[in-house]
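Hi there,

Here is the structure I promised to pass on to you. Have a look at it first, and then read on for what turned up.

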Amino acid sequence: MDIEALRSFLAFIDTGSFTRAAKQTFRTQSAISMQMKKLEQELDQTLFQREGRQLVLTHEGQKLASYARRLLSLHDEAVSSLRTQADSQPLLFGCPDDYAETLLPCLVSLIRQHLGPVQIHVMCATSVRLRQLMDKGELHAAMLTRQPGSDEGHFLMQDQGVWYGSPETDLLSLRPLPIALFQADCKFHAAALDGLMKQEISFDLVSCSSSATAQRGMVRAGLAIGAMARSSMSPDLVELRADWLPPLPGIEIALALAPQSHSGLTTQIARTISHAFLAALKKKYNTGGKHLTIMKTAIKCE
């Protein structure tokens with residue numbers, strides 16, 4: 001089987017879209033479709049079927065996915081071991097700004113444990129933007145927020161959206177309620193505004209930013225309450241638990257590799273790093289599972 005066809009096959013599974021799979025593999029949708037037809041012809045099996053408007057894997061397609069991941073992992077490992085220039089190639093890594101202080105240091109530590117003293121260039125942006133940069137070949141990998149239950153990337157942890165504020169300022173009784181949020185493509189943004197409007201609670205959107213530092217600054221100064229993942233809170237800020245505050249969604253955080261990833265960061269190594277990250281999280285915070293119970297300091301990977 002053609003390795004690149006298998007890569008396109010997995011790109012469709014990971015993104016759920018032939019459009020994004022085509023972008024990630026730098027091919028046209030028609031080229032992807034041709035690759036899939038050739039795979040089906042070679043295996044004499046139907047790999048896809050329609051359920052309503054969605055295209056999903058058949059049982060045979062699911063079996064192939066398992067083999068394809070192992071084949072690509074072995075292929076990438078072989079290529080990596082033969083590329084002597086890997087040590088000198090910087091790793092271009094993306095991370096949402098709200099994870100940069102608490103989660104990123106642990107992940108960087110684990111990456112360097114497995115890749116050696118690689119230089120890591122970090123770009124902070126929203127998960128939507130980081131996906132676009134990976135699709136364009138401008139990033140090798142990224143820590144992303146994904147939909148719960150998604151197969152995108154390698155699972156790192158679950159987290160929960162929370163309302164938080166300054167312990168020195170009580171703003172909950174104010175109307176309109178002053179709030180500071182991330183930009184509109186953040187899940188917490190829509191959940192916060194929709195929830196407040198449904199409860200007919202007037203609000204004043206003091207600031208809207210892609211920067212967690214900016215949002216925490218507004219909250220710390222007593223200008224607003226904020227909404228972000230529990231892992232992104234600072235030790236000097238407090239979680240707000242008023243019954244009338246709209247519930248915020250849970251999220252999953254994953255390590256995703258670009259189609260053209262760093263030669264040293266193979267699928268197998270990324271999987272190992274994700275397992276080590278989760279183990280460090282459980283050890284540090286005694287979560288006992290996927291769910292994060294509290295996070296107010298950075299994870300340290302020893």
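In which helix is the place of Lys-198? Lys-198 belongs to helix α7, residues 187-198; helices here are DSSP runs of H or I with at least four residues, strands are runs of E with at least two, and both are numbered from the N terminus.

Before going further, some ground rules. This is a predicted model, in which local features need pLDDT of at least 70 and side-chain atom pairs count only at pLDDT 80 or more, while totals for chains, interfaces and linings use all residues. Residues are numbered from 1 along each chain as its sequence is written, and side-chain values use heavy atoms, with hydrogens and water left out.

Lys-198 is exposed, with a relative accessible area of 72% (exposed means over 50%, buried under 20%, and partly exposed in between, with a 1.4 Å probe and protein chains only). Along the sequence, Lys-198 and Pro-246 are 48 residues apart, yet in space their C-alpha atoms are 9.1 Å apart. Gly-195 is also found in helix α7, but Gly-195 counts as buried, at 13% relative accessibility. Its C-alpha atom is separated by 34 Å from that of Pro-105, 90 residues away along the chain.

Glu-200 sits in the loop between α7 and β8 (203-209). Glu-200 has a positive phi of about 55 degrees although it is not a glycine, and it is exposed, with a relative accessible area of 73%.

**Aromatic rings**

The structure holds 4 aromatic pairs. Rings of Phe, Tyr and Trp (its six-membered ring) pair if their centres lie within 6.5 Å; planes under 30 degrees apart count as stacked, over 60 as edge-to-face and the rest as tilted. Phe-12 and Phe-18 make a stacked pair, 4.3 Å centre to centre with 20 degrees between the planes. Phe-12 is buried at 6% relative accessibility, and Phe-18 is buried at 17%. Phe-18 also pairs with Phe-48, this time edge-to-face, at 5.9 Å centre to centre and 65 degrees between the planes. Phe-18 lies in helix α2 (residues 18-24) and Phe-48 in strand β1 (residues 48-51), so this pair ties together parts that are 30 residues apart in sequence. Both Phe-18 and Phe-48 are buried. Ring pairs link Phe-9, Phe-12, Phe-18 and Phe-48 into a cluster.

Another phenylalanine to look at is Phe-26, in the loop between α2 and α3 (29-43). Its phi is near 60 degrees, a positive value in a residue other than glycine, and Phe-26 is partly exposed, with a relative accessible area of 47%.

**Around Arg-175**

The charged end of Arg-175 sits over the ring of Trp-244, 4.8 Å from its centre (the rule asks for NZ of Lys or CZ of Arg within 6 Å of the ring centre and within 35 degrees of the ring normal). The peptide bond from Arg-175 to Pro-176 is cis, with omega near 5 degrees. Pro-176 is in the loop between β6 and β7 (177-182).

**Helix α5**

Which residues of α5 are buried? They are Leu-104, Cys-106, Leu-107, Leu-110, Ile-111 and Leu-115. They cover an arc of only 160 degrees around the axis, which puts them on the same side of α5; the arc is that of the directions from the helix axis to the C-beta atoms. Just after α5, Gly-116 takes a positive phi of about 85 degrees.

**The largest pocket**

The largest pocket has a volume of about 960 Å³. On a 1 Å grid over the protein atoms alone, a pocket is an open set of points where a 1.4 Å probe fits, with protein on both sides within 12 Å along at least five of seven lines, and lining residues have an atom within 4 Å of a point. Grid points are joined across faces, edges and corners, and the volume is the space filled by probe spheres set on the points. The lining counts 38 residues, of which Arg-7, Asp-76, Leu-257, Ala-258 and Thr-267 lie nearest the centre of the pocket. Among the elements that each supply at least two lining residues are α1 (3-15), α4 (59-81) and α9 (267-285).

Enjoy exploring!
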